[in-house]
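Grab a pencil and work through these exercises with the model open beside you. Try each task yourself before you read its solution.

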Amino acid sequence: MARGQVTVEPVAASEKREAIFDAYRRWGFLQADLDPLGDLQPVAMAELDVDGKDAADARAIYCGSIGAEFMHIADRERRNWIAQRMESESPAPDRARILERLVGAEIFEQVLQTRYLGTKRYSLEGNASLIPLLDEMLAAAADLGAEQGVIAMSHRGRLNVMVHIVGRQAAEVFARFEDVDPRSVLGSGDVKYHLGATGEFVTPDGRSLSMHLVSNPSHLEAVDPVAIGRARAKQMRIGAEGKQRVIPILLHGDAAFAGQGIWAETLNYASLEGFTVGGSIHIIVNNLIGFTTVPSESHSSRFSSDLAKRIPIPIFHVNAEDPDAVVRVGRIAIDYRYAFGSPVVVDLIGYRRHGHSEVDDPTITQPRRYRKIQAHPPLYQIYAGKIGVDATPSVEAVRNELDAAQKSAEELEKNPPMREMPEYWSAYRGGRYSASLEVETGVPANELAAISEGLSSYPPGFNIHPKVKKLLEQRAEMGKGKRPVDFGMAEALAFGSLLRQGAPVRLSGQDTRRGTFNQRHAALIDTENEEVFIPLANLSPDQARFEVYNSTLSEAGILGFEYGYSRDYPETLVLWEAQFGDFANGAQIIIDQFIAAGEDKWNLLSGVVLLLPHGYEGQGPEHSSARIERYLQLAARDNIQICQPSNAAQYFHLLRRQALRSWRKPLIVFTPKSMLRNPVASSSLAELSEKHFLPVLPDKGAESATRVLICTGKIGHELVAERKRLKDSSTAIVFLEQLYPFPEAELTAELDRHASAREIVWVQEEPANMGALAFLLPRLERTARGRPVLSVKRSASASPATGSAGAHELEQKTLLALAFATTKSSSRS
Ligand SMILES: Cc1ncc(C[n+]2csc(CCOP(=O)(O)OP(=O)(O)O)c2C)c(N)n1
């Protein structure tokens, strides 16, 4: 009998037997036989120091090749389910198929090793039973209704998974080893072990699942939330059966699983309404090493999987060298996911046959372990021996197939496409900006009135909070044109109008339902029973879906999810809001590696919107700056849009433009705080009907100005107030509402209009080493046509803002004074 197929003769239950079994259910995994090379030694456990038949039976089940960790799950039904599966016989494995998959996986790596010696491929050898594991999991998922699989993984074994699970041709992978024509990708593209792929997986009985391997950066685990967001979007497209039909499977390295916080952030939202995917499957491709770092240096726990115990989900450790046990665990994991809608972790413990990559010598740091590995045969040989089959003919057949594939690779184009875009992307485009992309964003007054009606209504008998009631009354007046529209209302009207036009809207972030600054109130809370009513979800029967969620207190995990969601739901306006813009740098990997570079590296588009509250208001170093400079530094070749709308109507048109244009580009919006309700930043209802978003707000009333101040955001309103106070009639103030793509034509036209201006002054609140200054200066010089361009800003500083409200006031006054001072003093840094 193979190790994975443990059975125990039925014995009458007794209290004593139950107690012994209970100890093994709880602690057996600590003495399980999990490591093919024997380095992971059993832990001495007094609770398991029992003799006799009962103990032997329990030991055979819980200390064999499978170590099941599940007694930390409080729900007795779930614990019983797992115990029952562990303690009962499972169907006989299809050993011929397992062997075929192992031969395929290992010979593929060997062929790559021989053909492309000295090239990195991150071999799967040592954990080759990953392929039969995925094979069984997908077949099990298909039995339960899965039609699509979303897989995320890093480098290890990726090429193998592409060919043996995602269904790409080996020839396509070989062609990528031949390298690409450099002229086709100069400065862009990505390495082969980061690229995504789509394909088809066929189960042994001929059913097929469409597979999607997610593109990812080198940054380990960063793809986790992205893959979950993508799976969620695919599920939402399907509707009620989405969770059944789309299964996300995430593969992790052992060191990365234990070490990377973004994965912990992702797991944390596994069961939350706005983020759940009905259970994700996690496989740790555990080779007990991370580059050169061993587990005792890598985590403080015995297993790298311990982090998963932050939520009550099962963890199955399994010896990768017992393929029968591996496939058994695969089926149990999938069945559990479908039974309880819960994530499951499978910790597949093997080894790494080569160095971190194939050009790395592991004998320098792990000489003893690598002596063992060199003497250790490949798994297919061990397994063939165990099941009494001669593997030689299949090995030869696979080699021949791969030889043929390599020959045909030479015929293929060097950079063959590995994926097909889903149909829902056909209406959208990326690439460079063109004015022909523009659309009308104005909404007629009668439509705005109808939306306002819905926005300010709630069901009869709903106990509304008096402060919210007042706000809704004010919004109703705004909708009738009796009161200027503020930012909160402009946003609600933008969302409402899109929803009624059929464009779904999804918004998440910390405390986003109410809004950090009490400005949104997208969810009304009944003061008696705390029931929730969402006006935007109840505007009209045929409207599109509106979702708004308070997120977990995470930036990277949630922004990654929303980016992923936007990747598979381009019709939806997907927005993520930072509590304050400062905190977005917690998601820097998602911003740098996916949002800014995704189109360049992978030719993958996203229309995700980042709402980043920004503005110097004396709140200290951490609540002032959303770091405009960071986004401008990431901007090139029209990869992202960076905007700071200075009034409510501009915000309205900007949001609508983002949803209605066919151009799918991430949009970074610097949003206001104190300006949210400030009358100077409010707009008339008519402005929502007439205009579209203006990248430059001209100063029409200052034709004969001798100086032009250019600014963006709140400081502009302060400059306008100061000009009024000074009764200055020689200064024009121009708002730059879109920083990138830089609106050169619009700004040039505006500066040309101020022909009598002798100097152009850029004014910003940020210190000299931050804000838009460095980005803008050369561009402003171009648009100024030879006139001097000066700048007013805070002195360069290591921290974005002062902690003292008094110092802030003083600095702000100085900025205003300098902006209106004579040429000589206006450039200081
Ligand atoms: C966030 C991040 N930090 C560092 C690295 C560099 N790096 C690449 S692979 C690796 C080791 C990964 O070990 P493990 O997660 O166990 O996976 P394995 O390579 O062993 O399969 C490291 C440190 C990286 N890619 N990403």
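**Exercise 1. Is Y122 buried or exposed, and what is its phi?**

Step 1: Place Y122 in the chain. Y122 sits in the loop between helix 4 (95-115) and helix 5 (130-143). Helices here are DSSP runs of H or I with at least four residues, strands are runs of E with at least two, and both are numbered from the N terminus.

Step 2: Check the backbone. Y122 is not a glycine, yet its phi is positive, about 55 degrees. Most residues other than glycine have a negative phi.

Before you go on, two notes on the numbers. This is a predicted model, where local features need pLDDT of at least 70 and side-chain atom pairs count only at pLDDT 80 or more, while totals for chains, interfaces and linings use all residues. Residues are numbered from 1 along each chain as its sequence is written, and side-chain values use heavy atoms, with hydrogens and water left out.

**Exercise 2. Find the phi of R637, and say where R637 lies.**

Step 1: R637 isn't a glycine either, and its phi is positive at about 50 degrees.

Step 2: You'll find R637 in the loop between helix 24 (628-634) and strand 15 (641-643).

Step 3: R637 has 61% relative accessibility, so it counts as exposed.

**Exercise 3. Which peptide bond, cis or trans, runs from Y740 to P741?**

Step 1: Omega for this bond is near -10 degrees, and the bond from Y740 to P741 is cis.

Step 2: P741 belongs to the loop between strand 20 (738-740) and helix 28 (744-753).

Step 3: For context, most peptide bonds are trans.

**Exercise 4. Take the salt bridge between R17 and D57 and describe both partners.**

Step 1: Start with the idea. Side chains of opposite charge can pair when their charged atoms come close. A salt bridge is counted when a side-chain nitrogen of Lys or Arg is within 4 Å of a carboxyl oxygen of Asp or Glu.

Step 2: Apply it. R17 and D57 pair at 3.0 Å, N to O. R17 is in helix 1 (residues 15-27) and D57 in helix 2 (residues 53-62), so this pair links distant parts of the chain, 40 residues apart.

Step 3: Check the surroundings. R17 is buried at 9% relative accessibility, and D57 is buried with a relative accessible area of 9%.

**Exercise 5. How far apart are the closest N and O atoms of E241 and R245?**

Step 1: The answer is 3.2 Å, and the two residues form a salt bridge.

Step 2: E241 is partly exposed at 41% relative accessible area, and R245 is partly exposed at 24%.

**Exercise 6. Where do K665 and E599 sit, and what does their pair tie together?**

Step 1: Their side chains meet in a salt bridge at 2.6 Å, N to O.

Step 2: K665 lies in the loop between helix 25 (648-660) and strand 16 (667-671), while E599 is in helix 23 (residues 598-602), so the pair ties together parts 66 residues apart in sequence.

Step 3: K665 is buried with a relative accessible area of 0%, and E599 is buried with 18%.

Step 4: Salt bridges that share partners also join K16, R17, K53, D54 and D57 into one network.

**Exercise 7. What does R230 touch?**

Step 1: R230 is in helix 9 (residues 223-238) and is buried at 3% relative accessibility.

Step 2: Contact means heavy atoms within 4.5 Å. Not counting residues up to four places away in sequence, R230 touches H212, V214, G564, Y565, R567 and D568.

**Exercise 8. Which residues come nearest to the ligand?**

Step 1: A residue is near when one of its heavy atoms lies within 4 Å. Of the 15 residues around the ligand, H155, R156, S218, D254 and A256 come nearest.

Step 2: Helix 11 (residues 254-259) gives the most to this shell, with 3 residues.

Methods
Buried means under 20% relative accessible area, exposed over 50%, partly exposed in between (1.4 Å probe, protein chains only).
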